[in-house]
Amino acid sequence: MGSLCHRGGGRHAGYILVELLLVVVLLSVSLGFVGLSYDRWLEEHRLEMATMELSAAIREAQILARSGGKGGINGNMGPVMFYCENGSDGRVHYRLTQNVMNVQPAGVLPEGVFLANGAALVVFYKNRFAVRDNNSVITLYTKKRRFFRYITIAMYTKRVRVTSG
C-alpha cells in the first residue's frame, strides 16, 4: 500500500523554517555592513566636495584681487575678502566681498560639513595678502568628526593646498 507520508531517514523536499531564518539573518547582517560602509563613504564624499568648492572659491578670490576686481569706487578697487561661517541653519556659508559689495562666487556647502572655529576671514590685496586670526588654514570636518580636510593658503606663494587628516 502506497503512503503519501514517508517516514524514515530520507531528506525532506522543502526548506525548513530554521534554514530560512538563517538566510534572512545572514542577509540582514550583510546589508547592515553595506549600509554603514555607504554612510561613511557618503560622509567623506560630501566633505571632499565641500573642500573642492571652498578651495575653488578661495582661488577665485585670489584671481579677482590680482586682476583689480570688477569695477570700483573712484578707481580704487580695494581688497577682496573671503569670508565663511557656520550659518544658523547648520550649514557653512561663504562669500566674497569687495568694496562692501558681495561678488561671485558665494554659496552654501553640503549638509553635514562644518567649519572649525566657526568662521574664517582671509583678505587678498592686489600685490599681497593678509590673514586675520591665523586663518591661513581652514579646517572642515564632518558631523561626527570622523573625517577632516585642511585648506592651507600659503602666505607668500599664494597657493591653495588641500590635505586630509
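A nonpolar core is here a set of buried Ala, Val, Leu, Ile, Met, Phe, Trp, Tyr and Cys residues joined through side-chain atoms within 4.5 Å. In this predicted model, the largest such core has 27 residues. Helix 1 supplies the largest share of this core, eight residues.

**Nonpolar core**

- The residues with the most contacts inside the largest core are L54, I58, F82, F124, I138 and L140.
- At least two core residues each come from helix 1, strand 1 (80–86), strand 2 (92–98), strand 4 (113–115), strand 5 (119–124), strand 7 and strand 8.

**Helix 1**

- Helix 1 covers residues 17–67, which is 51 residues.
- The buried residues of helix 1 are E43, L47, A50, T51, L54, S55, A57, I58, A61, Q62, L64 and A65.
- Two of these buried residues, L54 and I58, are also among those with the most contacts inside the largest core.
- F33 also belongs to helix 1, but it counts as exposed because its relative accessibility is 58%, where the cut-off for exposed is over 50%.
- Together with V25, V29 and L36, F33 makes a nonpolar surface patch of about 410 Å².
- After helix 1 comes G68, which has a positive phi, near 100°.

- Strand 7 (residues 137–142) pairs with strand 8 in the antiparallel sense, over five bridges.
- Within this pairing, R149 of strand 8 stands opposite L140, a residue listed among those with the most contacts inside the largest core.
- Five residues separate strand 7 from strand 8 in a hairpin, and R145 in its turn has a positive phi of about 55°.
- Strand 8 also pairs with strand 9 (residues 160–164), again antiparallel and over five bridges.
- In this second pairing, T152 has R161 of strand 9 as its bridge partner.
- The hairpin of strand 8 and strand 9 has six residues between the strands, with K158 in the turn at a positive phi of about 60°.

**The two faces of strand 8**

- Side chains in a regular strand alternate between the two faces of the sheet.
- In strand 8 (residues 148–153), R149, I151 and I153 form the covered face.
- The uncovered face of strand 8 consists of F148, Y150 and T152.

Conventions. Residues are numbered from 1 along each chain as its sequence is written. This is a predicted model: local features need pLDDT of at least 70, side-chain atom pairs count only at pLDDT 80 or more; totals for chains, interfaces and linings use all residues. Side-chain values use heavy atoms; hydrogens and water are left out. Helices (H or I, at least four residues) and strands (E, at least two) are DSSP runs, numbered from the N terminus. The expected span of a helix is 1.5 Å times one less than its number of residues. Buried means under 20% relative accessible area, exposed over 50%, partly exposed in between (1.4 Å probe, protein chains only). Patches are made of residues with over 30% relative accessible area and no salt bridge: like charges are joined within 9 Å, nonpolar side chains (Val, Leu, Ile, Met, Phe, Trp, Tyr) within 5 Å. Accessible areas come from the Shrake-Rupley method with a 1.4 Å probe; for residues, only the protein chains shown count as cover. A salt bridge is a side-chain nitrogen of Lys or Arg within 4 Å of a carboxyl oxygen of Asp or Glu. Two strands pair if DSSP finds at least two bridges between them.
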